[in-house]
Amino acid sequence: KLIVVLGHTKCGAMMGATQTMLNAQKAAGGGAAPAKKTTLDTLLHGLAPVTQKAQGQLAHGASAEEIGAHAVKVNVFAGMEKLLNYSAPIREKVKSGEVQLHGAVYDIVTGKVNFLGELPEMKAVLANADKGLGA
């Protein structure tokens, strides 16, 4: 039995969240007053931790496109972590080996799916979730 958390390439939400993050960093770095937030900025705010983590995992000066593309993978892993933290039935089945949880990214150009495997921090996430320390 397998649960797949599937992201996709060229994700508009990830690109929008990346651009929102970069705009905020630029405004903060230049001492400029932050631009008025749009409704879209507000909606994308929840993805800020994902885009920040993606940026931090790449070389300094990575482009918005590179960050956005990497953020897709980071978001898949974040979704897997949330499933384990917030769903006791899934968490228990993964722990027992009854179910496997894997991430993947669908390439919207080629139609191919790139499987990312299990959550790299699976053991720590499961241990913390059991202690009530998840998310």
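Analyst: Ala 104 stands opposite Phe 115, a residue of strand E3. The model is a predicted one, in which local features need pLDDT of at least 70 and side-chain atom pairs count only at pLDDT 80 or more, while totals for chains, interfaces and linings use all residues. Residues are numbered from 1 along each chain as its sequence is written, and side-chain values use heavy atoms, with hydrogens and water left out.

Strands E2 and E3 pair in the antiparallel sense over four bridges; two strands are said to pair if DSSP finds at least two bridges between them. Helices (H or I, at least four residues) and strands (E, at least two) are DSSP runs, numbered from the N terminus. In general, the strands of a sheet pair through backbone hydrogen bonds, either parallel or antiparallel.

The sheet is open and has three strands in the order E1-E2-E3, with mixed pairing. Its edge strands are E1 and E3, each of which pairs on one side only. On average, neighbouring strands of this sheet are turned by 30° against each other, direction ignored. Helix H4, residues 64–86, packs on the sheet and touches E1, E2 and E3. The direction of H4 makes about 155° with that of E2. Such angles run from 0 to 180 degrees between N-to-C directions, with axes fitted to C-alpha atoms, for helices over the stretch in contact.

Tyr 106 belongs to strand E2. With a relative accessible area of 31%, Tyr 106 is partly exposed, the class between buried (under 20%) and exposed (over 50%), using a 1.4 Å probe and protein chains only. The C-alpha atoms of Tyr 106 and His 8 are separated by 4.5 Å, although these residues are 98 residues apart along the chain. Leaving aside residues up to four places away in sequence, Tyr 106 touches Leu 6, Gly 7, His 8, Thr 9, Gly 111, Lys 112 and Val 113; contact means heavy atoms within 4.5 Å.

Tyr 106 also takes part in a nonpolar surface patch of about 720 Å², together with Leu 2, Val 4, Leu 6, Ile 108, Val 109, Val 113 and Phe 115. Patch members have over 30% relative accessible area and no salt bridge; nonpolar side chains (Val, Leu, Ile, Met, Phe, Trp, Tyr) are joined within 5 Å, and like charges within 9 Å. Strands E1 (2–8) and E3 (113–117) each supply at least two residues of this patch, and E1 gives the most, with three. Ile 108 sits in the loop between E2 (100–106) and E3 and is partly exposed at 42% relative accessibility.

The side chains of Lys 1 and Glu 98 meet in a salt bridge at 3.8 Å, N to O, the term standing for a side-chain nitrogen of Lys or Arg within 4 Å of a carboxyl oxygen of Asp or Glu. This pair links distant parts of the chain, 97 residues apart: Lys 1 in the segment before E1, and Glu 98 in the loop between helix H5 (88–96) and E2. Lys 1 is exposed at 73% relative accessibility, whereas Glu 98 is partly exposed at 38%. Lys 93 and Glu 98 also meet in a salt bridge, at 3.3 Å, N to O.

Terms used: Accessible areas come from the Shrake-Rupley method with a 1.4 Å probe; for residues, only the protein chains shown count as cover.
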